[in-house]
Amino acid sequence: MLGLGAAGLVTAPYLQRGFEAVVGSDPTGLSGLLPNGGGFRYYSVASSVPERGPQDYRLTVNGLVDRPGTYTLDALRALPQTRVVRDVQCVTGWRVPSTPFEGVSLPRLLDAAGVRPQARAVRFECFDGTYTESLTLPQARRDDVLVALRMQDRPLGHDHGGPVRLYVAPMYFYKSAKWLSGITLTDRVEPGYWERLGYDVDAWVGRSNGRDDAPTV
Ligand SMILES: Nc1nc2c(c(=O)[nH]1)N[C@H]1C(S)=C(S)[C@@H](COP(=O)(O)O)O[C@H]1N2
Ligand SMILES: [Mo]
């Protein structure tokens, strides 16, 4: 596993630079591959992020939709919940095996909003004020893409992007925008934060960012 991860780092050295600023104490990201470092690493491109909870959390769905809307945390909790258990995989190499996420499937929210025929993609906004992400509409309609409220059978904590983050199970974890506040239907893909710095927009695990060595998920 260490060897594989190291190879992945070597194939895309220029891509590592963006992450160094974030990781700070561990520019290689290799500590995440060690047996005692197999957990999550905290990432935020914003230096501080406000806490939001049941009183003040809101998720808006707008853009190319017939029925724009705003959800409170309670409203999201009241919808049917989907559970997905996959390995979390960061593009820098660290992995967290078999991690349960639960939340509202993104297709359900898109259907509720009534996606207009001109829509081709989705832009995700975060209440850190900085991070964005994107998916094509077919990617966003997968049932393993969640507006996640729970992780590892607990409510999502602030550090992991709570109370609500995106979870894109088949893609590298940078697609899984933390502190999700907006879902906007657009007529084209608007590359997200890391994608403007060189990472692949189609971030399939094992089939993007210079890798073609993992099975299709
Ligand atoms: N809002 C926001 N979402 C984000 C990021 C970020 O910096 N800001 N980093 C991404 C990256 S690169 C990773 S690996 C994961 C890290 O999630 P974690 O902090 O819960 O481990 O969040 C992703 N989503
Ligand atoms: Mo990442």
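Throughout this section, a residue is called buried when its relative accessible area is under 20%, exposed when it is over 50%, and partly exposed in between, using a 1.4 Å probe and protein chains only. The structure is a predicted model, in which local features need pLDDT of at least 70 and side-chain atom pairs count only at pLDDT 80 or more, whereas totals for chains, interfaces and linings use all residues. Residues are numbered from 1 along each chain as its sequence is written, chains are lettered from A and ligands numbered from 1 in the order in which they are written, and side-chain values use heavy atoms, with hydrogens and water left out.

Helices (H or I, at least four residues) and strands (E, at least two) are DSSP runs, numbered from the N terminus. Tyr57 is buried at 0% relative accessibility, and Phe127 is buried as well, at 7%.

Phe101 and Tyr167 are both buried. They also belong to a cluster linked by ring pairs, together with Phe40, Tyr43, Trp94 and Phe173.

Next come the empty spaces. Rolling a probe the size of a water molecule over the atoms shows where such space is left. On a 1 Å grid over the protein atoms alone, a cavity is a set of points where a 1.4 Å probe fits but cannot get out, while a pocket is an open set with protein on both sides within 12 Å along at least five of seven lines; lining residues have an atom within 4 Å of a point. Grid points are joined across faces, edges and corners, and a volume is the space filled by probe spheres set on the points. The structure contains 2 cavities of 30 Å³ or more, and the largest cavity has a volume of about 280 Å³. Its lining comprises 21 residues, of which Tyr43, Tyr131, Arg165, Phe173 and Lys178 are the closest to the centre. By class, the lining of the largest cavity has 13 nonpolar, 3 polar and 5 charged residues. Here Ala, Val, Leu, Ile, Met, Phe, Trp, Tyr, Cys and Pro count as nonpolar, Asp, Glu, Lys and Arg as charged, and the others, Gly among them, as polar.

The second largest pocket holds about 210 Å³ of space. Its lining consists of 13 residues, with Arg77, Leu149, Pro155, Leu156 and Pro163 nearest the centre. Helix 3 (73-78) and strand 7 (145-151) each contribute at least two residues to this lining, which divides into 5 nonpolar, 3 polar and 5 charged.

Pro163 brings the backbone into view. Most residues other than glycine have a negative phi, and most peptide bonds are trans. Gly162 and Pro163, however, are joined by a cis peptide bond with omega of about 10 degrees, and Pro163 lies in the loop between strand 8 (154-155) and strand 9. Trp179, in the loop between strand 9 and strand 10 (180-186), has a positive phi near 55 degrees and is buried at 1% relative accessibility. Asn209, in the segment after strand 10, also has a positive phi, of about 55 degrees, and is buried at 6%.

Lastly, the cysteines. With a disulfide taken as a pair of cysteine sulfur atoms within 2.5 Å, the count comes to 0 disulfides. Cys90 is buried at 7% relative accessibility and lies in the loop between strand 3 (82-89) and strand 4. Its C-alpha atom is 9.1 Å from that of Arg41, 49 residues away along the chain. Cys126 is likewise buried, at 7%.

Conventions:
Phe/Tyr/Trp six-rings, centres within 6.5 Å; stacked < 30°, edge-to-face > 60°.
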